[in-house]
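Me: I would like to go through this structure in questions and answers. Please start with the terms.

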Amino acid sequence: MRRKVLLGIPAALVVVGAAAVVLPAQAMTGVPVSAVTASTDDGNVPANTVDGDLATRWSGKGDGAWIRYDLGSSTKISSIGIAWHHGDKRKSTFLVQASADAKSWQTVVGQRESSGRTTDFEVYDFADRAARYVQIVGFGNTLSDWNSISEAAIQPADSGGENVADPGADCAGPSDVLDLTNWKVTLPTGSGSKPTEIKQPDLKGFEVSPSFVAAAGCESVQFRAPVNGVTTSGSGYPRSELREMADGGSAQASWSSTSGTHTLVAELAFDVLPKVKPHLVGAQIHDGGDDITVFRLEGSNLYVTNGDDSKHKLVTSDYKLGTRFEAKFVVAGGQVKAYYNGQLQTTIASKFSGAYFKAGAYTQANCSNSSPCSNDNYGQTSIYKLAVTHLPDGEEDVTDAAVTASTHDGNVPANTVDGDLSTRWSGRGDGAWIRYDLGSSTKVGSIGIAWYRGDQRKSTFQVQASADAKTWQTVISQRESSGSTTDFEVYDFTDRAARYVQIVGFGNSESDWNSISEAAVYAADGDTGSGTGSGTGTGSGTGTGSGTGTGSGTGTGNPGADCASPSDVLDLTNWKVTLPTGSGSKPTEIKQPDLKGFEVSPSFVAAAGCESVQFRAPVNGVTTSGSGYPRSELREMADGGSAQASWSSTSGTHTLVAELAFDVLPKVKPHLVGAQIHDGGDDITVFRLEGSNLYVTNGDDSKHKLVTSDYKLGTRFEAKFVVAGGQVKAYYNGQLQTTIASKFSGAYFKAGAYTQANCSNSSPCSNDNYGQTSIYKLAVTHS
């Protein structure tokens with residue numbers, strides 16, 4: 001049996017909207033807009049979205065890029081019309097928020113997709129509200145991570161108050177947003193020292209405005225407690241707060257810090273603070289007598305407390321109201337570990353019993369220290385996700401350390417260890433990773449991954465292990481999931497000691513998203529890692545975050561064993577390779593069909609694991625008649641490799657994307673070219689490394705654009721050229737570096753290792769002095 005050494009927590013809610021109303025451009029007018037700003041743009045400025053011209057646009061790149069409309073004063077509004085750039089060719093993912101002050105934001109249209117069918121206005125309705133600011137937050141589209149809007153129009157209130165396009169209309173109450181099976185709620189209403197309590201089964205479907213309601217879009221639950229609210233006998237402060245229960249809500253939860261492992265994960269935001277004394281608690285652990293530790297906001301200072309020490313650990317001094325974050329408590333072995341967005345903040349040694357979790361809005365102010373003494377003076381939180389797990393002693397679990405990721409879209413990395421196959425982590429783009437910290441060095445031998453929508457598409461990925469999260473070893477080289485199951489697929493590798501294990505994603509057969517429902521790292525099983533294969537497993541979970549996952553499989557080892565040559569790694573159909581071997585000024589050239597299946601070590605080989613192709617050119621290598629420098633380099637061809645590619649910068653669009661790393665530089669003159677555009681006579685522009693300085697060149701100007709002065713050998717990056725309209729745009733990891741105006745023809749792309757040193761300027765003059773690159777991905781398009 002595999003022993004799982006990784007487990008974790010929370011639950012997720014995915015909101016899918018109804019179809020939008022589509023109106024032709026001429027039918028769409030809106031309230032006046034006094035100013036338009038955006039978090040970013042590429043020269044297509046935000047004001048283009050209110051110029052009445054569908055041929056112009058705003059474009060901003062990346063998850064969370066926003067465009068904001070200032071209406072000039074508070075205005076009652078009801079919907080927004082958006083005309084998406086290329087809206088008939090792709091779907092854009094977005095949400096819409098409104099605010100009175102551009103500081104505290106309320107989501108009025110939850111995250112959803114455009115229709116992908118029209119460039120006209122799509123209208124998204126929401127409950128009427130007063131707002132001065134409205135912003136659209138983008139999360140890319142089905143083709144790229146760009147957010148592009150041609151026009152936007154905000155509509156005045158229609159008094160309908162109904163949510164046509166927002167799925168919040170179907171949300172009956174908080175229990176439709178959070179799993180409240182094992183909770184009760186205490187409200188700031190009632191009389192004397194007896195605030196209202198709602199328990200199961202009455203809690204199901206219950207809500208009361210404004211104390212305890214499902215927010216617009218069903219994405220969160222709003223908790224509000226005014227300073228004049230009713231308090232319990234044990235506290236002078238009002239609360240709208242959940243208290244953990246057990247047995248389906250029929251009994252009070254009661255557990256010990258010295259027995260088992262007890263975890264709370266709450267994704268929440270502090271929305272409003274009481275006046276004068278702006279203190280508010282959002283999540284806490286309580287024992288039989290008092291609170292043990294809480295997440296407490298005082299103004300802009302967010303603390304984790306320790307008993308009466310309210311300022312025990314300052315998490316941040318710059319918390320902005322409305323900012324969503326993940327609070328996590330893990331209790332085991334007489335200790336409490338508190339995490340903020342996956343990062344450990346403090347470890348509190350404390351032995352206690354009769355314990356339970358709480359979450360909501362526990363206002364730390366009342367009429368004696370905060371004014372006005374009215375319902376309008378309150379503390380408010382929003383809780384987006386809430387999950388609790390309790391594991392018995394002896395259950396293998398070393399993940400009270402962090403689960404982190406390079407990126408996510410709100411489906412956070414911790415979702416992959418919550419025991420719930422209905423939640424997921426999602427990160428976009430080649431090389432997006434999710435990382436598991438096992439807490440200490442642990443001998444591991446396999447990993448189980450349950451892929452989101454794994455029965456509908458294949459995901460491309462690799463797995464790496466590390467002792468220090470700095471130096472990584474690939475233990476499962478790039479491969480695909482089966483595409484046939486949403487249960488665990490188990491991938492075996494040679495047993496090794498590691499503290500960190502990460503899955504690196506390269507998109508799936510439908511899109512460039514990487515999405516994992518659950519993952520489990522398994523202990524060493526004595527496998528040597530030889531051979532190839534795959535395994536399957538099963539996993540189950542519940543919305544509360546409890547669940548199990550098991551898996552079994554036969555050894556995969558390294559799929560590189562089946563990799564015969566570079567053409568098994570890269571599509572070389574329309575390429576030829578020039579090698580630093582041969583004689584005189586006639587280096588070896590290998591063309592199609594001979595290039596298929598060809599390799600020669602060390603100049604041109606598939607690297608271990610089939611994840612890349614290694615190109616090596618020594619300073620004493622054979623050179624072409626037109627250059628004094630050796631190369632191991634691909635040259636673009638056409639017609640299946642039978643003809644030389646030849647295109648123009650003024651006709652069509654021509655794109656090269658190369659994912660590569662500079663591995664080794666020649667001595668004395670450490671200069672190396674990795675990718676380039678060449679015309680009929682000379683290079684137009686190249687990615688060139690000189691020591692640690694990475695440049696994009698412009699003809700003979702070898703230092704035209706410094707990309708980075710701190711390039712470290714072996715660092716993988718994406719180089720991209722886009723040629724159109726007499727211009728070359730060069731990108732590094734998706735960021736535009738330079739635009740070069742140049743009209744040329746007879747052009748072609750090149751990629752590999754073009755060593756910019758030889759025996760006249762670099763020593764020793766031997767095969768051991770060389771430049772080397774690794775190319776992981778290579779793609780060319782002409783349109």
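Reply: A disulfide is a pair of cysteine sulfur atoms within 2.5 Å. The model is predicted, so local features need pLDDT of at least 70 and side-chain atom pairs count only at pLDDT 80 or more, while totals for chains, interfaces and linings use all residues. Residues are numbered from 1 along each chain as its sequence is written, and side-chain values use heavy atoms, leaving out hydrogens and water.

Me: Which hand does the link of C367 and C373 have?

Reply: A disulfide joins these two cysteines, with 1.9 Å from S to S. The angle about the S-S bond is 75°, and the link of C367 and C373 is right-handed.

Me: How many residues does the largest nonpolar core have?

Reply: A nonpolar core is a set of buried Ala, Val, Leu, Ile, Met, Phe, Trp, Tyr and Cys residues joined through side-chain atoms within 4.5 Å. Those with the most contacts inside the largest core are F212, I285, F325, F329 and L386. The number of residues in this core is 48.

Me: How many residues are in the second, separate core?

Reply: This core includes L579, A730, I775 and Y776. Its number of residues is 44.

Terms used: Buried < 20%, exposed > 50% of the residue type's maximum accessible area, 1.4 Å probe, protein only.
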